[in-house]
Amino acid sequence: MGGSFNPVHIGHMLLASYLVEFGIVDRVLMMLSPANPLKEQAEGNPSESDRLKMLQIACASVKGVEPCDIELTMPRPNYSIYSLRKLATLYPDCRVRLIIGSDNWNIFDRWRSSEEIIREFSPIVYPRPGYPIDRTTLPKGVTSVDSPVFEISSTFVRNALRSEKRIDLYMPPGVADYIRRHNLYVP
């Protein structure tokens with residue numbers, strides 16, 4: 001499950017935990033992306049090392065969910081197909097699958113090597129608010145899950161933090177403390 005995790009929030013962790021606890025996957029690697037080629041990068045973002053540390057804190061107490069930093073070591077710009085292939089090489093005894101939200105599924109045809117990703121890594125699509133999944137149009141190899149829908153986003157969390165709101169309950173334990181200690185997302 002890739003993302004900028006800027007910052008990681010409870011929606012990310014609840015989804016990852018759901019996928020493991022309900023037997024969809026054996027484990028989830030939360031792959032930190034340095035930059036999404038399809039998104040404009042906001043100024044004043046925390047460093048990659050800060051985002052990785054927050055992800056490590058978030059994953060520490062969640063069974064079957066682990067942080068993954070391989071994209072931070074790869075040439076840039078990096079694309080998911082290369083990261084997935086590297087994971088498949090690192091974990092030859094595992095079936096590596098891509099986990100994406102229905103919002104990303106709607107633009108999946110814009111992803112580099114999207115057809116190869118479908119063929120090699122059988123994406124799992126989870127619901128996002130405002131982006132219904134039409135199962136009848138999913139290509140062979142792509143599955144959808146009926147996971148709970150969480151109406152929370154990193155954008156919401158960042159904006160709340162920049163407005164000096166205390167929103168500790170929206171983040172995994174320890175992440176809000178890390179943000180405060182390091183003066184992240186301050187106006």
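A: Helices (H or I, at least four residues) and strands (E, at least two) are DSSP runs, numbered from the N terminus. The model is predicted: local features need pLDDT of at least 70, side-chain atom pairs count only at pLDDT 80 or more, and totals for chains, interfaces and linings use all residues. Numbering starts from 1 along each chain as its sequence is written, and side-chain values use heavy atoms, without hydrogens or water.

Start with the chain. It has 7 helices and 6 strands. Along the sequence they follow the pattern β-α-β-α-β-α-β-α-α-β-β-α-α. The C-alpha trace spans about 45 × 35 × 30 Å along its principal axes. Buried residues (under 20% relative accessible area, 1.4 Å probe, protein chains only) make up 44% of the 187 residues.

Now the second largest pocket. A pocket is an open set of points on a 1 Å grid where a 1.4 Å probe fits, with protein on both sides within 12 Å along at least five of seven lines. The volume here, the space filled by probe spheres set on the points, is about 410 Å³. The lining holds 19 residues, each with an atom within 4 Å of a point. Closest to the centre are Val 25, Arg 27, Arg 95, Val 96 and Arg 97.

Which elements contribute at least two residues each to this lining? They are β2 (28-32) and α3 (80-90). Strand β2 gives the largest share, 3 residues. By class, the lining has 14 nonpolar, 1 polar and 4 charged residues. Asp, Glu, Lys and Arg count as charged; Ala, Val, Leu, Ile, Met, Phe, Trp, Tyr, Cys and Pro as nonpolar; the others, Gly among them, as polar.

How values were computed. Buried < 20%, exposed > 50% of the residue type's maximum accessible area, 1.4 Å probe, protein only.
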